Structure formats: C-alpha cells, structure tokens
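I opened the model to look up its strand pairings, helix packing and contacts between parts. The entries below are in the order in which I went through them.

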Amino acid sequence: MVRRLPRKDVVIVGLGWTGSILAYELSHTGLDVVAIERGPWRDTATDFNIGTAADELRYAVRQDIFLRPKQETLTMRNNPSQTALPIRKWGSFLPGNGVGGAGVHWNGQTWRFLPDDFRIRSHYTERYGEAFLPEGNHIQDWPVSFEELEPYYDKFERVAGISGKAGNIKGQIQSGGNPFEGARERDYPTPPMKQGYQQELFTQAATKMGLHPFPRPSANLSAAYTNPYGCSMAPCTFCGFCEWFGCANYSKSSPQTCVLPALIREPTFEARTECEVTKVNLTVDGKMATGVTYVDANGEEWEQPADLVLVCAYALFNVRLLLLSGIGKPYDPVKDEGVVGRNYAYQTGSGSQAFFENVQFNPFAAAGSTGAALDDYNSDNFDHGPHGFVGGASITCAHTNGRPILFHPTPAGTPAWGSAWKKAVHDNYQRVANIGAQGSVMSYRNNYLDLDPTYKDALGRPLMRMTFDYQPNEQKMANWMAARCDEIAKAMGAKTTQVNPLRVPWNVVPYQSTHNTGGAVMGSDPKTSVLNRYLQSWDVPNVFVMGASAFPQNAGYNPTGTVGALTYLGLDGIFNYLKSSGPLVQP
Amino acid sequence: MRLRHLLVLLPLLAIGRAAADPDNYVSIERGKTLATAGDCIACHTASGGQPFAGGLALQTPFGAIMTPNITPDNLTGIGRWSKDDFARAMHEGRRPGGSYLYPAFPYPYYAKVSRSDLDAIYAYLQTLPPVENRVNRNMLPFPFNIRLSMAGWNGLFFTPGEFKPDPKRSDEFNRGAYLVEGLGHCGACHTPFNSFGASQNGKYLQGNQIDNWTAPNITNDMQAGLGKWTVADIVQYLKTGQTRFSLASGPMKDVIENSTSKMADADLKAIAVYLKERGAAGPPAPSPLASSDARMQMGEAVFVDTCSACHMRSGDGVEHLFPKLAGNVVATQDDPASLIRIIIAGGRAASTDTTPTAPSMPSLGWRLGDEQIAAVVTYVRNSWGNAASPVSAETVKAERARVTGAGD
C-alpha cells in the first residue's frame, strides 16, 4: 500500500549537481524542499578520507561509487533493425550513484560551449547551405543564446571556483586564453592550473603550427577558494586520483565541496537517501504533477505530494522517468513524431598516442583537468567546406593520472603479458603523451531512447532502450580530428605515434565517455522539444527537468559547465513560475 | 504555491506553552539567548536524543554521571520546579528536596549568574516541549554515590555569591567577566582540576585536559595562550570556529556550533576584551629542539610524507580548511593531548552559517606507529617558531590506549 506523506513545496529527484544547487537556492528562500536520492549519502569527511581515498582497485577497477546494473540498467542496440540486449556491466559510460551524483567522480573539465553551438542549425545553413547538413539529422538550435547564458555560466563558475585563463573578456582577446571562446564578463575565479612538461611541448608545437593552445578550465582548483555559498576549497595537490574517485582534499568542485555544506544547514531542507523515485504523479487530466512516488530501502512505497517537481537525475534516467510517468509524448522514429527520447547523442573520442625518448613526463603528478587544449578545430572555428562534415572537437594534451593498475601505455605490438610487456611498461611509463580529440555528436532520427518492449527492472518497470551508433558524419569528423592530433604529436618531437581512429560500431564494453545527452531536449517548438527555454515541461508546467538531457545535440566539450549554467537559468524560470504559475513560454 | 511564513511561524512554535502569557515574551527570548550562552543543550542532550532531555554520560575521574532531563516534563524533567527551585540548583547546587548535585554540573560558575538572568532561563526552559525521558541519575560507585559528601566539597571548594563587577574595569570587561566566569563556565574546561575535581582557582584558565583533548591556556600568555590573538581574532574564532591561527575541533567545536556562533557580537567582543585584559599566566617558554635532533629528523620525514600536502611544508595550512600549525596554540600547549589524539583518531571542524564547510582531519592511527606519532608531534611542536616539550612514544601509546580503547 502506498502511504501518502505530508505535502512539500518542492520535491527534487536526485541530489547531484543540479539537484543540490536548486535545493539550496529554493530552501534558502524558505520553501520546504525534499530531495529524494536513489543512492547513499556521501560526504568528504566521512567517505573520502585522504588515507584511504587513493585506492585504485576499490574505486577505479571495482567502481565502488558507481551505479550497479542491478539498480538500473539499459538495453542497447546500434540501429532499429536490431534487438536490444541489456547492459549487464557498465562500460562505455559510468553513471554515478548517490548524493553528489557523477559530480563526485568527474575529472572536473568545466567548459562553456561556443556561441555558434547554440545556433548551430542556423549557422551551418547560413554559411554552407542546408544541404550540407548530414542525412537523417535532427540538428536544431538551442532556445537560448550564448550571450543569454553567459551570466549563468559565470554563476556556476563562481560556485565551483573554476581555475582557468579567460580568452575573451567583453570582446577583448586575452593572450594565453582561448581566443575562440564567447565573450565573458570577467575572468575565472581562480588562476589556471600548473601544467606539466608534455603540456609545455604541446603548447610550443601547437603555437608554432599557428594554433592557439591554452590551459583548460579546471574544477581541480589551483588556489584556496571560498565560494558565494561560503563553502571553502583547498588547492589541488596533483595526487592523480580524480576521475572515478571522490576528492579527499577538498580540491575538486563537487556538490560535496561547493553546495552541501551550506545546503544541510537550511532548516527547510530534507534529503531522503536510498529512496528511488518510480514515478512523477499527475492529475487525472495529466496537466499538472501532484508529486512523486518512491520506494525506500526497505521496499516500502511512499507518495510524496509536492507543488513543484524538479527532475534532477542523470540525463538518461531523467528521460526514463518522463517516459514511465507519461510526461510528454514519447518519440516514434518511424513516424518521426513525439519528443521524449528524441535527439539522444553522445561524443566521439579519437586521437594520437605519442611515444617519446629522453623525456620524463611524471604522469603520476596529475589532476583530472590539468592539460593544454586548443579549439581551432572545434565547432565552426574552421572552414568545414572542404571536409564535408558538421561539428568539431576540442583537442587536448593531458594526463589525468599515472595510477599503477590501469596506466601502463605500451606501443602497438607489445605482448599483453610477460617480460616483454614489463619491459615496455618500464620503458614507456614516463614517455607517453596522449593528444585526444573529444568530438561533437549531432542528433539523428535513428539515435534515440525509448522503453524496451521485453526487459524489465526489479520493480517490473520496462528498462530504457538506447538505439545509437556513430553516423558517417561523426566518423568522418573524428578521424579527421585524429589526423590533426597526430600532426601535433609529431611536431612535439615524438619518436613514434599511433593514430587512434573512432571505434565503430559503437559498443558498450570499453569505457569511452559519460557524456550522454538529449532525450528531453529544450527548444522553441513543442513538436521538437520536451522543455521550453527555462527547462520547464511544455506539457506539465510544474515539472522542470535539469541536466544534459536538455541538450538538442552534443558539442565537442565536457557537459558539466553547460549543465551548471542551465541549472541557474532554470532556477530563474522556477522563481518566475512561483510568482505566476503556468507555462513560462506560450507555444 | 504554499509558502511557509517561517518568520511568523517559528517564534510561535518556540514559545509553546508560555505563549499564553504575552508579557513573558521578552523574558523568554532573553532566557533562550542566555541558555545558548550557557550551552546547556550540549550536556543536557544525549547523542541522538531529544534536546534538553538529558541522558548524556559525562565521564569524570570518579565515574560517569548522567545528565538530567531539564525539559518541563512533570515526572522525569523539571516541570514541577518553581523558579526558586531552579535558582537554588543554579546558585547552590541543591535540588528542590535539598539533596546535593555533583559539580560536574558547574554550579560554582552558575552561582555568579544574576537572579534575573536565571529567572529568564527558567522561563525559557518551561516553554520547551516536555519530553518524558527517565535518566538513571545514580551511577557513581561508592563512596561518590553519597551525595551528602558534596556538602563537605562545597565547604572546601565552593564560594557562593553572584558576580560583582570590578568598578575599576570597563563595562565591556565586566560583561565579559560575567559571561566567562558565570554562564559560559569556560573555566570548567580550561582551568586545571585538583584531585577532588574542583577547578584550581590559582591556575584559572591556564589550560586543562578533558577527555584526551587539550583545553588550551586562554589567558593572554604569549607562548601558550591568546597573547598573539587580537580581540577581533577571538571574536572571529567564537563566531566561526576559525582564525588565521587555528581551527576549532573536539569539544570546542560543539561549543562553537551550539553556543558561541549564535551569541551576539557584542557579547563575544566583551568575552574577548576580558580574556585579553585580565592578564597572562603560564609556564615559561622552552627553547625549541634543534632541527638536528634525531626525533625532529624522524618527525620531519613523517610530516613531509603524511601531513605536508594539506598543512603545507611551511606549516601554513590552507585558510578555512587545514589549520596553520606555525604559531598554533594547540601545538604549543605543554600538554600534547590534542595533537596526539587528532593524529590517532582524526577530528572535524565546526560548521557555522558563515563557514559551513566543516573539514575533517582523517584518523591516521592505523598507519602511524607510536614512535612515528611521537616524532611528528615533537616536530610540529618545535618547528616554524613553535617551541614545546618533546613527546615520547610512551605518552602516545598511553593516549592511544585511552582514545581507541586498545589494550597493551
């Protein structure tokens, strides 16, 4: 029997970056806020002890803080002609689990998307003509411009304390920064991270080639910092345990370091952990949400009524919750109608691995976001005309760690075990640089999410089905980028290089990227989007959906900076909604 | 949208039973402020228990004493006490029937609180929701379980009488003295005990050890006390739990979170002025150990490996997070208990509205041996301008046993 709890002003589904920011901002105004989180409570002081946090086996190999397939998984196929099968071990992407979400274990690369990214369809059409766009694409403009998002990017960067070097302040190009970035009002809150020797080689080589390298923006902080919420952070010690790990040193921006210390002091905030929301409940006519139903750790079912429902889970799980709750019309690729599940996208990874002689890169002295990057080949910063593809990539020379179990690069042809392997590891541990291209993925009619017709979870609800593959446009783009990376690697003085092309077809086994986007996209037209420009549901106006599920297609950057900016944009929308209930945008 | 009108609702809820008497409102609010200054909640709340409902076991050298329920429950609390009963307990350490309270309840300090302030605290306590919580109040072993013996103790160590301001001092100094010597009962932790558990008035505020924590010297002493702290530093410390010199942990963290961070700035300043102006006392400063000393060299090696990433090679720490060790008075107390304890068992700083991040020091006792801890504590006590006596592995071993319960 479902028991009904006393009503709250706001119920938040998921307590990661977006949920914790909204919970703090709303409870701070006196609203009664409850956050319901599937995973456990996690806190720096109690969970990430400096004496035990650097445990590669526990966290990187055994994936201690990630979602378990038995909690939730997906079925997957590459195209609609196949039968999807369940993912039984997370691989290609690793969703977080628990308070802080993936904001606990991320590397911390915190980008702003480029101005052209937000009006990508209009821009490409104007410059190259509509016929230039790839076949079957669903590429669409965002409902907001970079200029409109700039103050929200700034807000998130201040809360997270991001370390970086501005490239464009109010239209003035700044030397040492990214000259392609959109104009920002002011510099980053903390100076850029110190870089290693291979970044120095990359910067010199790229500069000689006429490219524009810069230190990439980092949520591993270069200096002590106290954010506008009063939360304090310490300078990064370059321990090299960022991605897959919680930071024990208060140096990586996360809900734990940047928001929760202030949030848990709010008297009208409550968190319920190890409770999974199973449904957003709607009124009989389906036009308003009445709250959520959730199952606690003992399997008891509860109804939590609320005036406002904020869906703040991981991008993929936001989409599934909307599908299970009947919010918005599910996408049908055959008729090319409906919106929920439409425009799922991912990212490409390609590049070049460079082997040097007579160098010592000290890869163990690293942080998740140290690295030099360049944007000359991102977005439409270069003429796409001769290349016949849409999109681009950020190119980076970085090492995030030199951890002993998983970091042992060897040249192609090295045996996988035995004395020859050991010798190759010994000879190359200090001498390998990776030049990587993280590329955009456009949205297509046949890349989408829906409910699986066969497979169900432990509660009897259908799993979500992912239908995705890299299309010819992305393959062409990523492989062209790999060649650019290789040019730079050679110019850095590498003795040998190995080009890493895009692996096709996409498969779920090797880790690639946890930058899953789309499925509940924001837009200007309810026929092609789930959310309006304030991330408010077109169909159920007291439901807002945060996160990268709102991206109409993916860009060549890590998503968190844009997710943070959208959260503050959404917050403004929520404040407006509280003043005058109803849709904030008339379709 | 149904907005909670918190500002309107909360005071009404807080007033509870006494709300029937609107004239009492000012007195109740004053009582609440005073009860906060006295940090009554800290001792009168069990871990995980209802506020003020008692049941916390105070560890004394004579045995554990369970704190009583001071909610206005008629059967198990102080619901039937009159305000005279309450004043007698606070001023004389006697219960309504006349039996004696133990001085773990620091009535020798509360004796100095004015009757009107006690009446206000009484009025506030009577507004709390009554909680039925029966506490076993008689757990001390013989002969300490004979409460009448406290009559003799009082004769020896208790001076009754309310606080008398010193006309030669400023009002601010006298306000600070009233708070520190009375309700704040700072000396209950910061003044050494004699063997009868009474504060040694000749060593008032010169530091003490409580539950394996050092309650530092808080006289104006340059070596171990507040000599290098300004009035503003002390106010900031009491308000936020941190200054450029220090980050509160242990029992002081609770004092700051429950009590001083909620006190009026003027009262905090009065406390600071009193502590700065009343004088300095403490043992003479020793000379630092030579850096060539074998203990210092071993300590430095441990420090560089284990401590320097956060506390920095220079001992400067990181503001708001990792305490500065250079010039830190916890490091330069004659008693090294806090340093040893924090390394063995870890600790956590205070969280306040202005400084919400409550950073933790991890426990390192599992990976550092007694000799290594002794060396690194000795190193911290004698580096960057610090000077304090060296610490032996035996001292660490004994404290480890007390802190972790580990036998030989």
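I began with strand 4 and strand 5 of chain A, which pair in the antiparallel sense over two bridges. Pairing here requires that DSSP finds at least two bridges between two strands. Helices (H or I, at least four residues) and strands (E, at least two) are DSSP runs, numbered from the N terminus. The bridge partner of A:Met76 is A:Leu85 in strand 5 of chain A.

I noted the provenance next. The model is predicted, so I kept in mind that local features need pLDDT of at least 70 and side-chain atom pairs count only at pLDDT 80 or more, while totals for chains, interfaces and linings use all residues. Residues are numbered from 1 along each chain as its sequence is written, and chains are lettered from A and ligands numbered from 1 in the order in which they are written.

I then traced the whole sheet: four strands of chain A form an open sheet in the order 5-4-20-19, with mixed pairing. Strand 5 (85-86) and strand 19 (448-456) of chain A are at the edges with a single partner strand each, so one side of each has no neighbour in the sheet. Strand 4 (residues 74-77) and strand 20 (residues 462-467) of chain A run parallel and are joined by four bridges. A:Arg77 stands opposite A:Thr467 of strand 20 of chain A.

Helix 10 (residues 315-325) of chain A lies across strand 4, strand 19 and strand 20 of chain A, and runs at about 125° to strand 20. For such angles, axes are lines fitted to C-alpha atoms, for helices over the stretch in contact, and values run from 0 to 180 degrees between N-to-C directions. Contact between two residues means that their C-beta atoms, placed from the backbone, lie within 7 Å.

**Sheet of six strands, chain A**

I looked up the order of the other open sheet in chain A: six strands, 8-16-17-18-15-21, with antiparallel pairing. Its edges are strand 8 (214-215) and strand 21 (496-500) of chain A, each with a single partner strand, so one side of each is left without a neighbour in the sheet. Strand 16 (residues 372-374) and strand 17 (residues 393-397) of chain A run antiparallel and are joined by three bridges. A:Leu374 has A:Ile395 of strand 17 of chain A as its bridge partner.

Which helices pack here? Helix 12 (residues 472-491) of chain A packs on the sheet and touches strand 15 (348-355), strand 17, strand 18 and strand 21 of chain A; its direction makes about 20° with that of strand 15. Helix 7 (residues 197-208) of chain A lies across strand 16, strand 17 and strand 18 (432-439) of chain A, at about 25° to strand 16.

**Hairpin and backbone exceptions, chain A**

Strand 12 and strand 13 of chain A form a hairpin with six residues between them, and A:Gly286 in the turn has a positive phi of about 75°. Six bridges join strand 12 (residues 276-282) to strand 13 (residues 289-295) of chain A. A:Asn281 is paired with A:Gly291 of strand 13 of chain A as its bridge partner.

I also checked phi and omega. Most residues other than glycine have a negative phi, and most peptide bonds are trans. A:Asn343 is not a glycine, yet has a positive phi of about 65°; A:Asn343 sits in the loop between helix 10 and strand 15 of chain A. A cis peptide bond joins A:Val504 and A:Pro505, with omega about -10°. A:Pro505 is in the loop between strand 21 and strand 22 (543-545) of chain A.

**Helix pair, chain B**

In chain B I looked at helix 15 (residues 337-345) and helix 17 (residues 393-404), which pack at an angle of about 60° with their axes 10 Å apart. Helix 15 and helix 17 of chain B are therefore oblique to each other (under 35 degrees is roughly parallel, over 145 roughly antiparallel, 65 to 115 roughly perpendicular, and the rest oblique). The residues making the contact include B:Ile340 and B:Ile344 of helix 15 and B:Val396 and B:Val403 of helix 17 of chain B.

**Between the chains**

I finished with the two chains: 24 residues of chain A are in contact with 25 residues of chain B.
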